Amino acid sequence: LSFQIKGALSSFIANISTSVRPQLVTSYASGNTARSWSLMITVSKLNYIVLLLLSLPVFLEVDSILLFWLGADIPEYTAIFTRLIIIVSLIDVFNGPVSMIMYASGKIGLYNIATSIAGILVLPLAYVSLSYTHNPTVAYYSSILISILVQVVSIYVMRVKLQFSIWQYVKRIILPCFIVTVISIPLPYICHISITAPFVRFIFVGIVGVISVSVATYFLGLSNNERIYVKHFLGKVFSKLSKTNKNHNQ
C-alpha cells in the first residue's frame, strides 16, 4: 500500500522529467552547457517542490487517508511505512536530473557503477538491521540512509566528470529545497493537530499545505530568473483562461 501511494506521487514527477529531458540533451549536445546546467538546476527544484506539494498533506494525514481507503482494518505499520517511503522519494527525486545531464554528456559509466554499488548496499544494511532489531521499519530507515549515500555519490561523480561545483549544487538546489520544506511545514501541521474531524482536517491540511509550499517556493526557493519565468508562465495561463471565458460568454 505504501508503494502504491509512492507510485501515484512519483508519476507526476516522471512527466516533468520527460518533458525537460530533450531540451537538456539538445542543449548539452550543441555546446550550450550553461543552459544545460540551468535546466538541471531548475528541474531538480521543480521535481522536489511538486513532490513536496503532493506529499506533505499525505505525510501528515496518512492515517485519515488510510481510514477513508481501507476503513478500520488497516494493516500494521502501513502509516509509518508510507511516511518513510515519502522521505525516501523526496531524497531520490534529486537523482533524476543528475542522471539526465550525465547521460547527455555521455560520461555515464562511472556514474552507473558508483550509484549501483551504493544502492545495492541497502540489502546487507537492511538484513543486519532486521537481524538485530526485528523491527520491519528499520528496512525503510536503511533505505533513507542509502538514498542519501546514492545522492552524495551522484554529486561527487558529477563533480569529477563534469566539473560542476558541489557547493553550487548544495547552494542552488539542496539549500533552497530544505528552506522551503522547513517553512512549509508549520501551518499545515497546526491544522493537523488542531482539527479533530478527519475529513475536514484533510481538506484544510491540503489547502494550507499547497499555499504554504507555493508561497515559500516563490519567495525563498526560486532565483530571480525563475521567478520571472513563473510570472511569465502564469500570465500566459491566465490570459488563455480569460480568452476562453470571453469566448464562452459570447
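## Helix H8 and its end

Just after H8, Gln 163 takes a positive phi of about 55°. This is a predicted model, in which local features need pLDDT of at least 70, side-chain atom pairs count only at pLDDT 80 or more, and totals for chains, interfaces and linings use all residues. Residues are numbered from 1 along each chain as its sequence is written, and side-chain values use heavy atoms, with hydrogens and water left out.

Helix H8 covers residues 137-162. Helices here are DSSP runs (H or I, at least four residues), numbered from the N terminus. H8 has 26 residues and spans 37 Å from first C-alpha to last, close to the expected 38 Å. That expected span is 1.5 Å times one less than the number of residues.

## Ser 142

Ser 142 sits in H8. Is Ser 142 buried or exposed? Ser 142 is buried, because its relative accessible area is 3%. Buried means under 20%, exposed over 50%, and partly exposed in between (1.4 Å probe, protein chains only).

Leaving aside neighbours within four places in sequence, Ser 142 is in contact with Val 122, Leu 125, Ala 126 and Ser 129. Contact means heavy atoms within 4.5 Å.

## Aromatic pairs

The structure holds six aromatic pairs. Rings of Phe, Tyr and Trp (its six-membered ring) pair if their centres lie within 6.5 Å; planes under 30 degrees apart are stacked, over 60 edge-to-face, and the rest tilted. Trp 37 and Phe 164 are stacked, because their ring centres are 4.3 Å apart and their planes stand at 25°. Trp 37 lies in helix H2 and Phe 164 in the loop between H8 and H9, so the pair ties together parts 127 residues apart in sequence. Both Trp 37 and Phe 164 are buried.

Phe 68 and Phe 199 form an edge-to-face pair, with 6.1 Å between centres and 70° between planes. Phe 68 is in helix H3 and Phe 199 in helix H11, 131 residues apart. Phe 68 is partly exposed, at 43% relative accessibility. Phe 199 is exposed, at 54%. Tyr 77, Phe 81 and Tyr 140 form one aromatic cluster.

## Lining of the largest pocket

Which helix gives the largest share of the lining of the largest pocket? H2 does, with 11 residues. The lining divides into 18 nonpolar, nine polar and four charged residues. Ala, Val, Leu, Ile, Met, Phe, Trp, Tyr, Cys and Pro count as nonpolar, Asp, Glu, Lys and Arg as charged, and the others, Gly among them, as polar. A pocket is an open set of points on a 1 Å grid over the protein atoms alone, where a 1.4 Å probe fits, with protein on both sides within 12 Å along at least five of seven lines; lining residues have an atom within 4 Å of a point.

Conventions:
Helices (H or I, at least four residues) and strands (E, at least two) are DSSP runs, numbered from the N terminus.
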